Amino acid sequence: MKSLLSGLLLVFALGQLAAQVNKDKISIAVVDFYLPSVDKFAAKIREDYKDNPYRRWGADATYYRNRLNGVPEYATEIFGNDNRFILLDRKSSALVNKERELQKNEDFLEGYVVAQGKSIGAQYLLSGNFDLDAVTFTLTLYSVADNAVVGSETGNIQQSLTYSGKVREDIVNIAQRLSQKMFPNHIKVVEIVELKKDKAQSLLIAAGINKGLKLKQAVDIFIIEEKVVDGEKSIYNRTVAKAEVQKIEGPNFSIVSLKDGEEEVKKLIDGGRKLYCLPAVN
């Protein structure tokens, strides 16, 4: 009986700890994205071919539509791999039909969808929209508390959709730009690990598995500067070097090797400047 009670107390304690951890995370509900149907793709291909038979389409509508099937997963993996966020189950947050009509615009999303977001405890809603005319994909972030759009990123995916097949890379890149813009998570440069001819060759940074870093991942090394534009002060992250993750030293640290800017990095660190890094955005 004593062991059973101890077990129950342990389960309760772990539950309380998990609740506290989740409370500290940013909760994002993923609303179903607008991805055109096969029929809409077919109509667009016919329209474009009529105007210019040598335009972009070289396959049938089903082929292109199938290439978009993984878009919701591609768009959310950046947030899912970052331990600052918790993604709410898409099944419980399917707030908009995948094939929602185009007339259900931003007003619709900022009204009905945000109201529903409150009911499931989301702080932010992530929505995606594929524009068939421009062949672009837009990720939009809505603040439930503010009942408004707080950020968006758009990218042209025509080449990856019709030629290169690298749709995932394009969508992940768009999501990464949005994440860095809305939730900057600067990683501190701790120290120089290797020097050669008075130039920094590699650096120790304060991030590892806990930040989802991967071997050979590209990162930007930067300093934070203050700029005055039209009398207003703004923060500017000035990139001073490009680097690549060389070794992951556990959950909290990694070593990155510099690809350029070796001399400037050494001078900045010697001068007492604080350096930071972020995953590079292509």
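Residues are numbered from 1 along each chain as its sequence is written, and side-chain values use heavy atoms, with hydrogens and water left out. Because the model is predicted, local features need pLDDT of at least 70 and side-chain atom pairs count only at pLDDT 80 or more, while totals for chains, interfaces and linings use all residues.

Salt bridges come first. Side chains of opposite charge can pair when their charged atoms come close. The structure holds 15 salt bridges, each defined as a side-chain nitrogen of Lys or Arg within 4 Å of a carboxyl oxygen of Asp or Glu. One of them joins the side chains of E225 and R238, at 3.1 Å from N to O. This pair links distant parts of the chain. E225 belongs to strand β8 (residues 218–229) and R238 to strand β9 (residues 232–248), 13 residues apart. Helices (H or I, at least four residues) and strands (E, at least two) are DSSP runs, numbered from the N terminus. E225 is buried, with a relative accessible area of 18%. R238 is partly exposed, at 23%. Here buried means under 20% relative accessible area, exposed means over 50%, and partly exposed lies in between (1.4 Å probe, protein chains only).

K247 and E249 form another salt bridge. Their closest N and O atoms are 4.0 Å apart. K247 is partly exposed, with a relative accessible area of 43%. E249 is also partly exposed, at 36%.

A further salt bridge brings together the side chains of D270 and K266, at 2.4 Å from N to O. Both residues sit in helix α8 (residues 262–270). They are 4 residues apart, so about one helical turn separates them. An α-helix has 3.6 residues a turn, so residues three or four places apart point the same way. Elsewhere, salt bridges that share partners join K44, E47, D48 and D133 into one network.

V265, K266 and L268 are buried. Seen down the axis of α8, its buried residues fall within an arc of 165°, so they line one face of the helix. The arc is that of the directions from the helix axis to the C-beta atoms. K267 and D270 are exposed on the other side. Just after α8, G272 takes a positive phi of about 85°.

The pocket analysis follows. Rolling a probe the size of a water molecule over the atoms shows where empty space is left. The largest pocket has a volume of about 820 Å³. On a 1 Å grid over the protein atoms alone, a pocket is an open set of points where a 1.4 Å probe fits, with protein on both sides within 12 Å along at least five of seven lines. Lining residues have an atom within 4 Å of a point. Grid points are joined across faces, edges and corners, and the volume is the space filled by probe spheres set on the points.

The lining of the largest pocket holds 31 residues. Closest to the pocket centre are I78, V172, Q176, Q217 and P279. Elements that give two or more residues to this lining are α4 (71–80), β5 (148–156), α7 (167–182) and β11 (276–279). α7 gives the most, with 10 residues. The lining divides into 11 nonpolar, 11 polar and 9 charged residues. Ala, Val, Leu, Ile, Met, Phe, Trp, Tyr, Cys and Pro count as nonpolar, Asp, Glu, Lys and Arg as charged, and the others, Gly among them, as polar.

T76 lies in helix α4. T76 is buried, at 10% relative accessibility. Its side chain reaches the backbone oxygen of E73 at 3.2 Å.

Backbone angles were also examined. Most residues other than glycine have a negative phi, and most peptide bonds are trans. D198 has a positive phi, near 60°, and is not a glycine. D198 is found in the loop between β6 (187–196) and β7 (199–205), and is exposed, with a relative accessible area of 54%. K216, also not a glycine, has a positive phi of about 70°. K216 is placed in the loop between β7 and β8 and is exposed at 65% relative accessibility.

V256 is in strand β10 (residues 254–258). V256 is buried, at 0% relative accessibility. The C-alpha atoms of V256 and S202 are separated by 5.5 Å, although the two residues are 54 apart along the chain.

How values were computed. A polar contact is a pair of N or O atoms within 3.5 Å; within protein, one must be able to donate a hydrogen and the other to accept it, and residues adjacent in sequence count only if both atoms are side-chain atoms.
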